[in-house]
Number of protein chains: 2
Amino acid sequence: MSGGDPAGRWWVNGRPARTVEVADRGLTYGDGLFETLAVRQGLPRLLEFHLDRLEEGARRLALWAPDRKRLAAELEQRAAELVHGTLKLILTRGPGPRGYRPPEPVRQRPTLILGAWPARRSGDGGSDVLPVLRGIQVRLCRTRASRNPATAGLKTLNRLEQVLARAEWNDPAIAEGLMLDEAGNLVGGTMGNLFLVHRGRLLTPAVDQAGVAGVMRRAVLETTPSLGLPVVVGQVDLATLAAAEEVFLTNALRGLQPVVEVEGRHLPVGPVTRQLAEHLHGAFGVGADDA
Amino acid sequence: MSGGDPAGRWWVNGRPARTVEVADRGLTYGDGLFETLAVRQGLPRLLEFHLDRLEEGARRLALWAPDRKRLAAELEQRAAELVHGTLKLILTRGPGPRGYRPPEPVRQRPTLILGAWPARRSGDGGSDVLPVLRGIQVRLCRTRASRNPATAGLKTLNRLEQVLARAEWNDPAIAEGLMLDEAGNLVGGTMGNLFLVHRGRLLTPAVDQAGVAGVMRRAVLETTPSLGLPVVVGQVDLATLAAAEEVFLTNALRGLQPVVEVEGRHLPVGPVTRQLAEHLHGAFGVGADDA
């Protein structure tokens, strides 16, 4: 039996395959990046945002980046076959000898892995029409997100902190955990970005020291000007969270999720959250609670 | 052509193999640990220290740990075949469905990967007798090591910071780069631990916030009492490095390497370094400059 999702299909460097070399630097050092895309109506959602982030990550890690048009075409083909579900793309620096030193760019033989999963029957079927926003319950994690400008904002394969944070709870009522950095600033959820409405402004943590520059976060930030709402991207502390009027999380697959309970404190699904959900639906086809 | 070291042999879960599943959490999240062991005269050097660190890592990551005796027997068998060279052990949480949440411990199906490389003809042949200590030249890296008590001290598969730091230089005269944490404290080298002799004391950075608790570092720390030298494990800053009388690095494969030049400043191979090298040789069979 495979421990991986049996319904998933995988391709490695364009060919159907389920394995990579043990010497792949993606395995030995986490030397790579990934993207997880929602597929709706045969199209990869927010495709350009995903490709932008992957390119930016490849640039910052000095990783050989696959040709954008070819990669887009491959993702579009898989999305068309999938119709409704999830695509995962992993790009590693490829196999190499022992040692942290990466091969010269011209000698890099990157590994491009693609996985595809059809939507489960419940949950992400039929969520492309705007339903009632379902609020989620979140907690605070003890595991901190470390600060490092070298990798901040990127979706690298170094995700052990998120794994340890997610391992902190089993209660199925809790959908997500919030993580702080070592300085006590909120970074986001283990798998999504955090937004607060506080004194008439929309706040979200900056991702220049820790966290991931989520594609749905970008969609929200590009949507907000139409709301006439001041947006502050910066430091967000626990006191601000405690005083927030509205709180929501964003994630490429789940869209926008209002937080209705955080560590026992109840919150409403407020007007800004509702308006943003409508805008995201109109501009990017994001159904609310799109998990 | 394989991009990995063609001379290397690999086993996965006890069987000869060169691949792992793409869904392995070691690849997708860096959810695992590794050890790199020197093999000398048919034996894995500092075996118990390596097994201790692996067990400690497995405990802290709530990773299923393989039986210590069976693992030791496998490593000893491979070492006997290899006689002189390097063994690499990778332990991951095994394959799993998408999502950071680790499977319940009883459902985990960890992946144990073993790699073996014979010694290159030059360098690590015949270094088991104590030779003249060859000093190395080191630099300071711009890439910082991030602080996180959750993973500090462990040799996890999340090594992207070390990769980025090692990518900063190509000059073959420079053997290693020193890394600072975000607070400006020295953490160590990209692939080894740092020791300074300063005002009659031996100093080394603590590894409770960042860095790796190296097995050769432990060998040094267990050796020092016989020298009657006060040892301080704590914060080490650049000013202390600049004022240090002796500096050396330790690494499981390379043993003890005196630093004779750091960012243009020249240093002697001092008496403490020489004495420690002799003690390491006597107590653990570590040849100097054992690379």
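Figure 1. At 15% relative accessibility, Asn158(A) counts as buried, where buried means under 20% relative accessible area, exposed over 50% and partly exposed in between (1.4 Å probe, protein chains only). This is a predicted model, in which local features need pLDDT of at least 70 and side-chain atom pairs count only at pLDDT 80 or more, while totals for chains, interfaces and linings use all residues. Residues are numbered from 1 along each chain as its sequence is written, chains are lettered from A and ligands numbered from 1 in the order in which they are written, and side-chain values use heavy atoms, with hydrogens and water left out. Asn158(A) sits in the loop that links β8 (136–140) to α4 (160–166) of chain A; helices (H or I, at least four residues) and strands (E, at least two) are DSSP runs, numbered from the N terminus. The side chain of Asn158(A) reaches the backbone oxygen of Tyr29(A) at 3.3 Å, and a polar atom of this side chain lies 3.1 Å from the backbone nitrogen of Leu160(B). Leaving aside residues up to four places away in sequence, the residues touched by Asn158(A) include Gly30(A), Tyr29(B), Asn158(B) and Arg159(B), contact meaning heavy atoms within 4.5 Å.

**Figure 2. The largest cavity.** The search of the whole structure finds 7 cavities of 30 Å³ or more, and the largest holds about 530 Å³ of space. Among the 32 residues lining the largest cavity, the closest to its centre are Ser146(A), Asn158(A), Glu161(A), Ser146(B) and Glu161(B). The elements giving two or more residues to this lining are α4 of chain A and α4 (160–166) of chain B. On a 1 Å grid over the protein atoms alone, a cavity is a set of points where a 1.4 Å probe fits but cannot get out, and lining residues have an atom within 4 Å of a point.

**Figure 3. Glu35(B) in strand β4.** Glu35(B) belongs to strand β4 (residues 32–40) of chain B and, at 3% relative accessibility, counts as buried. The side chains of Glu35(B) and His50(B) are joined by a polar contact of 2.7 Å, that is, a pair of N or O atoms within 3.5 Å; within protein, one must be able to donate a hydrogen and the other to accept it, and residues adjacent in sequence count only if both atoms are side-chain atoms. Residues touched by Glu35(B), beyond those up to four places away in sequence, include Arg53(B), Leu87(B), Lys88(B) and Val215(B).

**Figure 4. The six-stranded sheet of chain A.** This open sheet has the order β2-β1-β7-β6-β4-β5, with antiparallel pairing. Its edge strands, β2 (15–16) and β5 (43–44), each pair on one side only. Strands β6 (residues 85–92) and β7 (residues 111–118) run antiparallel and are joined by 8 bridges; two strands pair if DSSP finds at least two bridges between them. Thr86(A) stands opposite Trp117(A) in β7(A).

Note on methods:
On a 1 Å grid over the protein atoms alone, a cavity is a set of points where a 1.4 Å probe fits but cannot get out, and a pocket is an open set with protein on both sides within 12 Å along at least five of seven lines; lining residues have an atom within 4 Å of a point. Grid points are joined across faces, edges and corners, and a volume is the space filled by probe spheres set on the points.
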